[in-house]
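Work through the two exercises below with the model open. Each task is followed by its solution in steps.

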Amino acid sequence: NWQWDSVAANAFFCPDAQAAEAWAAELDRLRKDGNSAGGVIEVVAEGIPAGLGAPVYSKLDSDIAAALMSINAAKGVEIGDGFAAAALNGVGNADEMGIDNHGNPTFASNHAGGILGGISTGQPVVARLAIKPTSSILTPRASINRFGEPVSVVTKGRHDPCVAIRGVPVAEAMVAIVLADHLLQARAEGVPLTPRSWDQREG
């Protein structure tokens with residue numbers, strides 16, 4: 001049920017309309033229970049030219065990771081298959097290349113998330129951001145005060161049961177800023193960029 005058109009049609013920016021309905025019910029339950037939930041945000045940037053980034057300094061993936069980790073409540077970032085790549089072998093993880101019907105290089109997959117060796121491949125750049133559950137909850141939590149005495153912390157008033165929802169446009173903006181920076185840097189350095197995207201669906 002994955003439809004990109006559904007992203008703008010629900011409050012969760014979710015490409016699966018049925019999943020969005022289930023999430024709404026679950027968050028409503030958590031809110032009433034005085035609890036919260038985390039989430040994973042996926043950002044996909046298409047039409048990115050090959051050649052952005054560098055193999056050591058100014059690596060595209062490290063700059064994207066740094067930008068996303070600067071977002072409040074962020075606890076983890078992965079590019080492409082990310083941590084799932086650790087469960088693959090070399091054969092399964094390799095993004096094989098070939099030539100399409102127009103004589104252009106093409107990839108058979110995109111496990112790397114559009115970045116290899118710190119440099120964009122021309123494929124869609126895929127990044128995911130893990131957001132922790134909202135810490136401001138109505139359920140009492142044990143803590144200590146400045147004197148080291150035990151206290152109970154309860155956050156009253158309005159709070160979001162999941163701040164990951166608000167983080168979607170922020171994550172998109174951060175990735176866009178990094179890509180724009182690298183485009184300007186490449187232009188200043190005279191780096192030849194491939195204007196088309198090597199999408200495995202083409203050709």
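**Exercise 1: the two domains**

The centres of domain 1 and domain 2, taken over C-alpha atoms, are 20 Å apart. The model is predicted: local features need pLDDT of at least 70, side-chain atom pairs count only at pLDDT 80 or more, and totals for chains, interfaces and linings use all residues. Residues are numbered from 1 along each chain as its sequence is written, and side-chain values use heavy atoms, with hydrogens and water left out.

Task: describe the interface of domain 1 and domain 2.

Step 1. The bounds, from an automatic or database domain assignment, are 1-33 for domain 1 and 36-189 for domain 2.

Step 2. Between them the domains bury about 760 Å², 76% of it on carbon and sulfur atoms; buried area is the accessible area (1.4 Å probe) that two parts lose on being put together, summed over both.

Step 3. On the domain 1 side, Phe13, Leu27 and Arg31 lose the most area to domain 2, together 51% of what that side buries.

**Exercise 2: the largest pocket**

Step 1. A pocket is an open set of points on a 1 Å grid over the protein atoms alone, where a 1.4 Å probe fits, with protein on both sides within 12 Å along at least five of seven lines; lining residues have an atom within 4 Å of a point.

Step 2. The lining has 28 residues, with Phe12, Phe13, Val40, Ile41 and Glu42 nearest the centre.

Step 3. Both domains give residues to this lining, so the largest pocket lies between domain 1 and domain 2.
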